Amino acid sequence: MEIFSPADVLFLKLFLGASVAYGAQRFISHTSQKPIVEPLIPTWKASNSTRQILGTPSRSIKTELKRTRKTCMYFYGSQTGTAEKLASILAKEALSRFGIEGIVADLNDFDYDDLLSLSKQNVLIFLLATYGEGEPTDNSISFDRYCTNLRTKTDSQAGNLYFASFGLGNSSYQFYNEMIKRIDSTLSGVGAHRIGPLGLGDDGNGSLEDDFLTWKDGVLPKLAKHLGLAEQKCVPIVNLVISEMGSPSDAPLFLGEPNAAHRKGKLRGPWTNSNPFPARIVKSRELFRNSRRKCLHVEFDVNNSTMTYETGDHVGILPENSNSEVERFLRIFGLSEKKDCVFKIESEDPTVRIPLPAYTTYDAAARYYLNICAPISRYLLSKLVDYCPDESTKAEMLRLARDNIAFEREIKTQCLNLAQFLERFGPFISWVSVPIPLVFEMIGKLQPRYYSISSSSLQSKKCISITAVVKSQQNDDWAHEFKGVATNYLLAQHSKILGSEAVEPTYLLSGPRYQNAAMKSLIHIRRSKFHLPKKNSVPIIMIGPGTGVAPFRAFVQERAWQNRIHPAGRTILFYGCRQRHEDFLYEEEWEQLGTSFEPGIFSMHVAFSRQDPNQKVYVQHLLEQQAEELRELILRRNACVYVCGDAHQMAKDVFKTMAQIIKEDKAFKGDAQTYLKDLKKKKRWLEDVW
């Protein structure tokens, strides 16, 4: 006897199929859908008249310029926030000096379909940083792809497009300012007209700000001339407006949360810079021994998230500012007594980005949202001159703002932030005359700090580790001690986890609304191209002194993990530190990892720079000692070379040493440096340097 008729069977199949399809759709939407994140500045708070004038924001460049009645768009490509800050400075000065209306825009917020059809009276200004070895920043990737496609189209014409361009780069890298050079060449190649010279800012020699100011002063008059505008009396412009109020009952109050999802406790990926994941610290230990310096190994649990990473990627950590710096900042600007006062912040120009939530407190703004510990700039000094409390202070401020050499010697080398600088004029001098909206605008938003991941994604999928030296620097001539924001934040968490006595500087580790009792850090993954070869059999040469060894710990872990199935090729690590019994990172792990390989596959060479007081040994000296095998691996066995660490000196010395090693090969013909540069283009020489 049949239990189900043919019709019943058909019905069940249809029902089950629909259920599976629905379930799959729900799963996909849950895992891949963008998070629904309420904007920090609620659009519903805009006035009706503003909404009628501006309408709905568009991804079309042409439509957005028309909608906002602006002339220029200042596009920034930024990894750390510097390009965005410079774009804001440029836009504000263009408006105050020449009346040029513009929008400061994230490249990722727009499509480029109408880029070549803009009016001559619309000008695009690009301020683009180069990341890594000539790569675009995260928010510039889509624009870089657009320009790559544009180069392949021989019929593309952009005779009406006018633009200006400034790059943020580091001359320590081979592909110095590659991103802006590539974009500038592409646009010029399709007939677009550049206004003013191509500006190249060099962070490698510390001249980035001066390079920008020089370029700015040259390009703005040319931009104004193109638009038919004359210079006017410079009028100070402050876009932000602050209204102090009691606790609002109908508006969302932010006390340190990065977005509305965090405030509501409804967390969902994908995990990004603006939507970081609160990862619990499951392990934290000090790596240095017998040393005043401190280096932390920290492990983050991402088990309850959809976060994934690839060995060689970076993790971004969003810190908070220390109690002492928050107190100093509030005191200097007369905000200490009302630190818990709730205020509403708006922009008179709806196209201007606001660096903090619409409703928050002064304490939360200084602690969680504003980059109050950022080094002060000469440009910022120039904007504070009009608010000096007396003539002698004003004269000193003007001197430092105008004299680059004096500013470099007296301020920049001491890593002074804004409040520390103003405190130099006397602890009791009042700076309450400085408009707080101007201060908030100028110092910008607190940014995440990035670290190389020191764990293998194959061996440790749901636990991400970093290796970081705690930054603490003092000079006999300084009145203060420089403290790195993120690493000292991690050190404070480390002390709390171990139950040891808190060290200065201290932090409010409980977090906003006491949400951080479990010692969590807000993190996200930044993709890298510093990855192992796809085949485990390819020989690799790793060079990483100090914490530059962090990604190579992950590399060796991964090679050992894969070696169980796919035999590993030759794996050589060159590492350097000061002394064996002081700062030899992960000493106990390397020998154990070596046992995972067949004899002769893995070897490690360590340089101790201060072990012998009569002789300093660095990694490049060890390269010379292994020259014969290095030549064999690079020239005849297609080995990949990886360099991680200091860009200013170490990476350059390693490159020169390796070029000399290649040059001394009897069978090699040609220029050794050109050969190594070609390896970089072929992705056989990769660097993760800073």
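**Pocket and rings**

Tutor: The second largest pocket holds about 610 Å³ of space. This is a predicted model, where local features need pLDDT of at least 70, side-chain atom pairs count only at pLDDT 80 or more, and totals for chains, interfaces and linings use all residues. Residues are numbered from 1 along each chain as its sequence is written, and side-chain values use heavy atoms, with hydrogens and water left out.

Student: Which residues lie nearest the centre of the second largest pocket?

Tutor: A pocket is an open set of points on a 1 Å grid over the protein atoms alone, where a 1.4 Å probe fits, with protein on both sides within 12 Å along at least five of seven lines; lining residues have an atom within 4 Å of a point. A volume is the space filled by probe spheres set on the points, which are joined across faces, edges and corners. Here, 23 residues form the lining, with Glu93, Cys234, Tyr379, Ser382 and Lys383 nearest the centre.

Student: How are rings paired?

Tutor: Rings of Phe, Tyr and Trp (its six-membered ring) pair if their centres lie within 6.5 Å; planes under 30 degrees apart count as stacked, over 60 as edge-to-face and the rest as tilted. That rule gives 26 aromatic pairs. Phe75 and Phe126 are stacked because their ring centres are 5.8 Å apart and their planes at 15°.

Student: Are those two buried or exposed?

Tutor: Buried means under 20% relative accessible area, exposed over 50%, partly exposed in between (1.4 Å probe, protein chains only). Phe75 is buried, at 1%, and Phe126 is buried at 1% too.
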